[in-house]
Amino acid sequence: MRAKDLMSREVVTVSPETPVAALARLLADRGISAVPVVEPDGTAAGIVTEADLVRRITGTEERPRGWLSGLFGSAPADAARYAKAHGAKARDVMTVDLVSVDEEATAEEIARLMEERRIKRVLVLHDGRLSGIVSRADLLEAVFAPPETEAIGADDARIRRAVQAALREESWAKPYFLWPTVEKGVVTIHGFCGSPDVHRALRVLAEGIPGVRSAEMKVETPPPSLFGAG
């Protein structure tokens with residue numbers, strides 16, 4: 001599979017002039033961990049991640065400097081850290097060193113890039129413009145998610161939508177790594193689960209959806225780097 005087959009095309013984006021407070025609210029409201037910054041002509045300018053905002057809050061972009069380190073330090077690097085720590089707009093805090101691929105990049109190439117750069121997502125560009133985004137979850141779903149059945153009853157479709165919505169409401173659920181299927185009222189949740197407590201909570205969540213007859217868990221222990229930083 002290639003990037004054009006894997007990528008999410010409906011990507012939430014912001015402009016370089018978006019206020020930092022609005023960025024934080026957007027990430028929280030949408031339940032996403034990063035948002036691309038796009039120029040009016042569609043050119044990808046950068047990306048703002050949760051890590052960018054957390055570093056701003058904690059002040060880790062600013063490093064205490066003595067007089068000796070000041071003599072031999074990097075003024076451009078210090079200036080960039082200052083802008084990230086004090087800037088009020090997306091253009092100030094975004095990461096501009098974009099990790100991207102074109103639409104023909106293979107799943108193997110994308111996975112290798114994510115592993116080497118220790119990141120969770122890769123932008124897909126066409127002539128410098130944003131086409132989509134491939135996340136770890138997109139790669140995992142392509143490999144592990146069960147195939148869609150050709151026909152699904154209206155009741156089962158309603159239940160599946162309800163389960164997906166319920167998963168998105170719970171911070172512990174990590175819905176991007178879980179794929180529910182429904183057949184005759186029986187919910188099966190496929191994907192990755194980090195602990196027995198989460199496993200039990202997933203079953204309780206599914207069984208609490210109106211119309212569900214029973215719930216089965218087909219989840220695996222996640223790879224070590226799956227929920228890591230990036």
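The model is predicted, and accordingly local features need pLDDT of at least 70 and side-chain atom pairs count only at pLDDT 80 or more, while totals for chains, interfaces and linings use all residues. Residues are numbered from 1 along each chain as its sequence is written, and side-chain values use heavy atoms, with hydrogens and water left out.

The chain holds ten helices and eight strands, where helices (H or I, at least four residues) and strands (E, at least two) are DSSP runs numbered from the N terminus. Of its 230 residues, 39% are buried; here buried means under 20% relative accessible area, exposed over 50%, and partly exposed in between, with a 1.4 Å probe and protein chains only. Among contacts (heavy atoms within 4.5 Å) between residues at least 6 apart in sequence, 59% join residues at least 24 apart.

The largest pocket has a volume of about 1500 Å³. On a 1 Å grid over the protein atoms alone, a pocket is an open set of points where a 1.4 Å probe fits, with protein on both sides within 12 Å along at least five of seven lines, and lining residues have an atom within 4 Å of a point. Grid points are joined across faces, edges and corners, and the volume is the space filled by probe spheres set on the points. The lining of this pocket comprises 39 residues, of which Arg30, Gly31, Ile32, Pro175 and Tyr176 lie nearest its centre. Two or more lining residues come from each of α2 (20–30), β1 (34–38), β5 (129–135), α8 (136–144), α9 (154–169) and β6 (178–183), and the largest share, five residues, belongs to α9. Because domain 1 (3–139) and domain 2 (146–220) both give residues to the lining, the pocket lies between them; the domain bounds come from an automatic or database domain assignment.

The largest nonpolar core has 19 residues, and those touching the most other members are Ile159, Val163, Leu167, Leu178, Val187, Ile189 and Leu202. Such a core is a set of buried Ala, Val, Leu, Ile, Met, Phe, Trp, Tyr and Cys residues joined through side-chain atoms within 4.5 Å. The elements giving two or more residues to this core are α9, β6, β7 (186–192), α10 (196–207) and β8 (214–220). A second, separate core of 15 residues includes Val99, Ala107, Val122 and Val134.

Leucine 123 lies in strand β4 (residues 121–126) and, at 2% relative accessibility, counts as buried. Beyond its neighbours within four places in sequence, leucine 123 is in contact with residues including Pro36, Ile47, Leu98 and Ile133. Serine 131, found in strand β5, also counts as buried, because its relative accessibility is 19%.

Most residues other than glycine have a negative phi. Arginine 118, in the loop between α7 (107–117) and β4, has a positive phi near 55°, and its 61% relative accessibility makes it exposed. Lysine 174, in the loop between α9 and β6, has a positive phi of about 50° and counts as partly exposed at 37% relative accessibility.
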